[in-house]
Amino acid sequence: MKTDDLENELRDLKSTHLTESEMAAYCDQELDQIGRARAEAHLKQCFICERQLELLREETAALTNRLITSDDVAFVERLMDQTGRAQKASARRSAEIAHEVPMRERLAEYLRQMITDWQIQFKPVRRSDQGEEVWRWQSEDGHLRARATVEKNADLTVYFSSNEMQLEGTRLHFRLGSMNQELTLRRISESEVAAQVAVPRRYHQGNMADISIQIV
Amino acid sequence: MGIIVAGVGRMTEDERSLWESYCVADETARETARENLILFYLPLAIVWAKRVSRIAGWANWEDLKQDGVIGLMNAIRRFDVSKGVKFKYFASPHIRGAIFDSSEFTRDLARRQEEIYRKIRRAEGVLTKALQRNPTIEEVAERTELTIEQIQNAIDAMGLAFAGELPDAEVAPARGVVETPRPERAIMLLEALSQLNAREQETIRRYYWEDQPHEEIAKRLALTVSNVIKIRQRAIGKLRKRLDVKWEGRHDEDRRSGE
């Protein structure tokens with residue numbers, strides 16, 4: 001490597017955005033000396049990272065200077081009471097829906113919940129994850145399940161399965177960033193339909209939140 | 001002997017005690033422990049409700065606060081103490097999600113803010129390449145034809161995309177939860193930099209990131225100019241050596257895996 005290239009890379013580090021981990025570590029004063037210096041050099045000239053850091057600090061300060069009033073306590077108690085009752089009603093409703101709502105509509109709802117879970121729970125894939133399961137999801141009533149594993153070649157495989165045999169033959173459109181693929185739920189045993197999609201490494205190194213799965 | 005719950009090491013004393021109570025509580029005590037946790041982290045939900053309220057003046061404050069707390073409750077239910085993640089980073093996307101997902105109006109608001117945010121990031125990327133530095137907010141506003149307030153609102157609405165866990169040992173979480181991708185090369189360079197000694201690091205920092213000439217660095221570090229030049233050159237030599245070895249090693253690995 002030429003020295004000039006290396007020097008340019010060093011200068012470029014100043015304009016490279018902080019990752020979320022770096023931002024958190026900087027906010028909590030957990031970066032090492034050179035990491036902190038790099039972060040500060042970037043923050044001086046990047047309004048996006050600077051603003052995001054302000055937001056993190058706002059959250060940290062709110063927790064540090066917390067002042068909980070009796071109104072807050074009453075508010076939380078009321079809400080816990082309401083949500084406790086709502087959860088019981090929701091469980092009853094889920095059981096009812098399982099018998100009343102057409103399968104296709106239920107699947108659309110499952111997929112919506114699955115995507116939300118993916119966006120919240122999916123971990124960034126690291127080199128050391130190869131061969132490991134990195135995400136698992138199941139609908140509350142257990143009718144649809146999904147999981148993602150990192151293969152030895154660093155591709156990501158996403159599996160879907162269900163015991164609802166009515167779903168056999170259902171085609172899904174899977175999109176992750178610029179990757180588009182159709183897959184079909186096929187019978188794999190007397191009581192299970194399943195489909196899987198392989199996401200090449202170059203696609204799952206982008207923004208994993210940019211995902212959609214729709215019924216074709 | 002006290003009960004030790006794995007993963008609470010990164011928490012404050014107050015947090016640790018609350019999570020320990022919650023994790024070991026039987027069913028009857030669990031509700032009280034849960035309420036204590038909700039009250040402890042309530043300010044996080046309030047911060048988010050205020051943030052959204054700033055962007056959407058039409059929204060009902062009580063509703064926003066309530067939705068935020070529901071998100072917080074959901075985060076507490078899902079949080080795995082043993083993973084060693086800080087709860088505040090884990091909870092934030094849950095709270096944000098619950099507020100924005102609560103009604104068609106707020107969902108629509110979130111969609112619009114996300115579109116604006118993407119536009120900002122695209123413009124920022126283009127301008128960074130063209131200017132060879134990060135652009136100012138005014139430059140991005142001019143290019144995107146957005147106001148500065150619109151830009152700030154979009155950044156505020158997005159929050160940080162913490163993933164469920166922080167990567168590495170110092171790990172961190174996600175909204176639509178995924179770490180900003182960082183070029184592997186930059187990670188290696190930062191790692192290599194952290195191996196330099198303090199004086200070399202300081203010289204690199206001043207020269208490359210603060211644009212200080214050798215003379216200025218020499219004055220600040222009470223060294224001669226020629227010493228500063230030597231230190232910088234030695235540091236560059238060490239970095240090049242470390243990176244060449246690692247970079248070539250990586251290519252070898254890729255070749256072995258058939259890429």
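**Two chains, helix by helix**

Let's start with a crossing. Helix α4(A) passes α7(B) in a right-handed crossing. One caution before I go on: this is a predicted model.

Stay with that pair. The axes of α4(A) and α7(B) come within 10 Å. They cross at roughly 50°. An angle between 35 and 65 degrees counts as oblique, so α4(A) and α7(B) are oblique to each other.

Who makes the contact? From α4(A) we have I48(A), R51(A), Q52(A) and L55(A). From α7(B) we have Q152(B), I155(B) and D156(B). Sort the residues where α4(A) meets α7(B) by class, and you get 3 nonpolar, 2 polar and 2 charged.

Now the chains themselves. Chain A has 7 helices and 8 strands. Of its 216 residues, 26% are buried. Take the contacts in chain A between residues at least 6 apart in sequence: 52% of them join residues at least 24 apart.

Chain B next. How many helices and strands are there in chain B? There are 11 helices and 0 strands. Read from the N terminus, the elements of chain B are α-α-α-α-α-α-α-α-α-α-α. Of the 259 residues in chain B, 37% count as buried. For contacts in chain B with a separation of 6 or more, residues 24 or more positions apart account for 52%.

On to the core. In soluble globular proteins, nonpolar side chains tend to be buried together. Here, the largest nonpolar core has 57 residues. Which of them touch the most other members? They are I38(B), Y41(B), L72(B) and I95(B).

From chain A, α2 (20-27) and α4 (47-64) each supply at least two residues.

Zoom in on L72(B). Leave out residues up to four places away in sequence.

The crossing of α3(B) and α4(B) is right-handed.

By class, the contact of α3(B) with α4(B) has 9 nonpolar, 5 polar and 1 charged residues.

One more residue in α3(B): R78(B) sits in this helix. R78(B) has 14 other C-beta atoms within 10 Å, so R78(B) is partly exposed. R78(B) and F90(B) are 12 residues apart along the chain. Their C-alpha atoms are separated by 9.5 Å.

Is α2(A) enclosed or exposed? It is largely enclosed by the rest of the structure, because 8 of its 8 residues are buried. They are E20(A), S21(A), E22(A), M23(A), A24(A), A25(A), Y26(A) and C27(A). What do they pack against? In chain A, they pack against α3 (33-45) and α4. In chain B, they pack against α4. After α2(A) comes Q29(A), with a positive phi near 55°.

Last stop, a loop. S191(A) lies between β6 (186-189) and β7 (192-199) of chain A. Buried or exposed? S191(A) counts as exposed, because it has 10 C-beta neighbours inside 10 Å. S191(A) and S162(A) are 29 residues apart in sequence. In space, C-alpha to C-alpha, S191(A) and S162(A) are 8.3 Å apart.

That's the tour. Over to you.

Technical notes: Residues are numbered from 1 along each chain as its sequence is written. Chains are lettered from A and ligands numbered from 1 in the order in which they are written. This is a predicted model: local features need pLDDT of at least 70, side-chain atom pairs count only at pLDDT 80 or more; totals for chains, interfaces and linings use all residues. A nonpolar core is a set of buried Ala, Val, Leu, Ile, Met, Phe, Trp, Tyr and Cys residues joined through C-beta atoms within 7 Å. A residue is buried if 20 or more other C-beta atoms lie within 10 Å of its own, exposed if 12 or fewer, and partly exposed in between; C-beta atoms are placed from the backbone. Helices (H or I, at least four residues) and strands (E, at least two) are DSSP runs, numbered from the N terminus. Two residues are in contact if their C-beta atoms, placed from the backbone, lie within 7 Å. Axes are lines fitted to C-alpha atoms, for helices over the stretch in contact, and angles run from 0 to 180 degrees between N-to-C directions. Angles under 35 degrees count as roughly parallel, over 145 as roughly antiparallel, 65 to 115 as roughly perpendicular and the rest as oblique. A crossing is left-handed if the near helix is turned anticlockwise from the far one by less than a right angle, and right-handed if clockwise. Ala, Val, Leu, Ile, Met, Phe, Trp, Tyr, Cys and Pro count as nonpolar, Asp, Glu, Lys and Arg as charged, and the others, Gly among them, as polar.
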